[in-house]
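Please look over the model below before reading the points.

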Amino acid sequence: MTNPFPIARARRIEMRRKQLGYPIRCFHCPETDIFCFEEDHPVTYGLDPDFKRAVCRNCHRKQEARRDIKKLTKNGQRNVHESEREALRRYLLLMAEDEDSQAELLQQAPTTPIPLIVTASQARAASLRRKAQGLSLSDPAPDSKIALIKAPVAAQVVGLSTDAGQTRRR
Ligand SMILES: [Zn+2]
């Protein structure tokens, strides 16, 4: 059957392609139909909304199930309080999961187009940098012991008077 609305269809395809960042195919499989594509957030939307890639609906479900089974998502949970440290731990585990899924992809389909892998690696690096820049550098309460141990040492280095420094001068 011929398409009675070729311009409308072409416009919809272009809009969808733009929205998804002009994907050449699904990241995980050879699917190329743009209307099968969805946006996947490999480390979840909550942990980095800007880290996303186009995948087909099937592969999207598989990836989400994989994260759910490993308890790396907050799907179906309500009012979950997560400390910055817990969120960072989950982020790192999700990032490791994403690396693993790329390794599996390359093992199973060594002819996966290189630009797909390059783009994915760059997106991962950009996400890691965003996460590093967003980290607060002041130590939270559980780390105060480490801070106390380090403080006299740092003070000695800059020649400040501390108990440790005075002991040494006597
Ligand atoms: Zn797919």
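1. The buried residues of α2 are Cys59, His60 and Arg67; a residue is buried if 20 or more other C-beta atoms, placed from the backbone, lie within 10 Å of its own, exposed if 12 or fewer, and partly exposed in between. They cover an arc of only 105° around the axis, so they sit on the same side of α2; the arc is that of the directions from the helix axis to the C-beta atoms. Arg61, Ala65 and Ile69 are exposed on the other side of α2.

2. This is a predicted model, in which local features need pLDDT of at least 70 and side-chain atom pairs count only at pLDDT 80 or more, while totals for chains, interfaces and linings use all residues. Residues are numbered from 1 along each chain as its sequence is written.

3. What do the buried residues of α2 pack against? They pack against β1, β2 and α3, a contact being two C-beta atoms, placed from the backbone, within 7 Å. Helices (H or I, at least four residues) and strands (E, at least two) are DSSP runs, numbered from the N terminus.

4. In α3 (residues 84-108), the buried residues are Arg90, Tyr91, Leu94 and Asp98. These pack against α2 (57-69) and α4 (114-134).

5. Just after α2, Lys71 has a positive phi of about 55°. Thr44, in the loop between β1 and β2 (53-56), has a positive phi near 75°. Thr44 counts as buried because it has 20 C-beta neighbours inside 10 Å.
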